[in-house]
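Let's take a walk through this model together. Have a look at the structure first, and then we'll go through some of its helices and a piece of its surface.

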Amino acid sequence: MSVIFQTWPWYVAGFLIGMVMLSLIYFGKNFGMSTNLQSLCSMTGLGKRIEYFDFDWKANRWNLVVVLGAMAGGFVAVHFMSDPSNVDINPKTIVQLSQMGIDAPNGQLMPQALFGEQIWQSPKSILILLGGGILIGFGTRYAGGCTSGHAISGLSNLQLPSLKAVIGFFIGGLIMAHFLLPLLF
């Protein structure tokens with residue numbers, strides 16, 4: 001049982017993701033989390049007013065089960081199987097974050113300064129969350145999918161638009177981490 005409770009090496013997790021993708025390709029399915037938001041909006045009847053949501057959402061029911069499984073799996077992993085003591089962060093990163101007022105996780109999976117309950121008491125934090133959510137939603141729609149859809153499903157299908165999107169995700173992440181994060185904090 002100790003194998004289940006430890007962090008898995010990249011080659012084991014990567015192999016398992018690859019096997020899932022091979023099975024999805026075999027069954028002619030495309031994976032992506034943002035598709036589920038479109039399906040949920042279509043389920044509510046929004047397709048009657050907005051053409052984008054007017055499609056047969058029942059064809060994507062299997063993907064909704066993936067979301068439920070991801071949420072249940074995340075809950076189980078965090079509350080019953082996680083061992084945050086093995087979180088290993090580069091000491092230089094800890095120093096850089098502390099200069100911005102972001103504490104080291106100290107045995108937790110996420111720093112409290114970014115993910116604690118106190119963020120709901122700061123108008124600045126609420127605006128950052130709201131703005132980030134809007135930008136992620138716009139970017140996902142503009143790119144034609146989310147990071148999981150492009151990076152996992154699109155690249156495994158050798159789709160050039162997914163390669164371009166993933167390169168854009170990495171460039172955006174680098175810009176955020178090196179230029180915008182220090183300005184925000």
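Start with helix α3, residues 34-43, and helix α4, residues 61-81: their axes come within 10 Å and cross at roughly 115°. Keep in mind that this is a predicted model. Angles of 65 to 115 degrees count as roughly perpendicular, and therefore α3 and α4 are described as roughly perpendicular to each other. As for the hand of this crossing, α3 and α4 make a left-handed one.

Now move to another pair. Helix α8 covers residues 147-156, and its axis and that of α2 come within 10 Å, crossing at roughly 60°. That angle makes α2 oblique to α8. Here the crossing has a right-handed sense, as α2 passes α8.

Which residues make the nonpolar surface patch? They are V3, W8, W10, Y11, V12, F15, L16, M19, L22 and I25, and the patch they form spans about 1,100 Å². Helix α2, residues 10-26, gives the largest share of this patch, with 8 residues.

Let's zoom in on one of the patch members, V12. You'll find V12 in helix α2. How exposed is V12? Its relative accessible area is 31%, so V12 counts as partly exposed. A patch takes in residues with over 30% relative accessible area, and V12, at 31%, is therefore above that cut-off.

Methods:
Residues are numbered from 1 along each chain as its sequence is written. This is a predicted model: local features need pLDDT of at least 70, side-chain atom pairs count only at pLDDT 80 or more; totals for chains, interfaces and linings use all residues. Side-chain values use heavy atoms; hydrogens and water are left out. Patches are made of residues with over 30% relative accessible area and no salt bridge: like charges are joined within 9 Å, nonpolar side chains (Val, Leu, Ile, Met, Phe, Trp, Tyr) within 5 Å. Accessible areas come from the Shrake-Rupley method with a 1.4 Å probe; for residues, only the protein chains shown count as cover. A salt bridge is a side-chain nitrogen of Lys or Arg within 4 Å of a carboxyl oxygen of Asp or Glu. Helices (H or I, at least four residues) and strands (E, at least two) are DSSP runs, numbered from the N terminus. Buried means under 20% relative accessible area, exposed over 50%, partly exposed in between (1.4 Å probe, protein chains only). Axes are lines fitted to C-alpha atoms, for helices over the stretch in contact, and angles run from 0 to 180 degrees between N-to-C directions. Angles under 35 degrees count as roughly parallel, over 145 as roughly antiparallel, 65 to 115 as roughly perpendicular and the rest as oblique. A crossing is left-handed if the near helix is turned anticlockwise from the far one by less than a right angle, and right-handed if clockwise.
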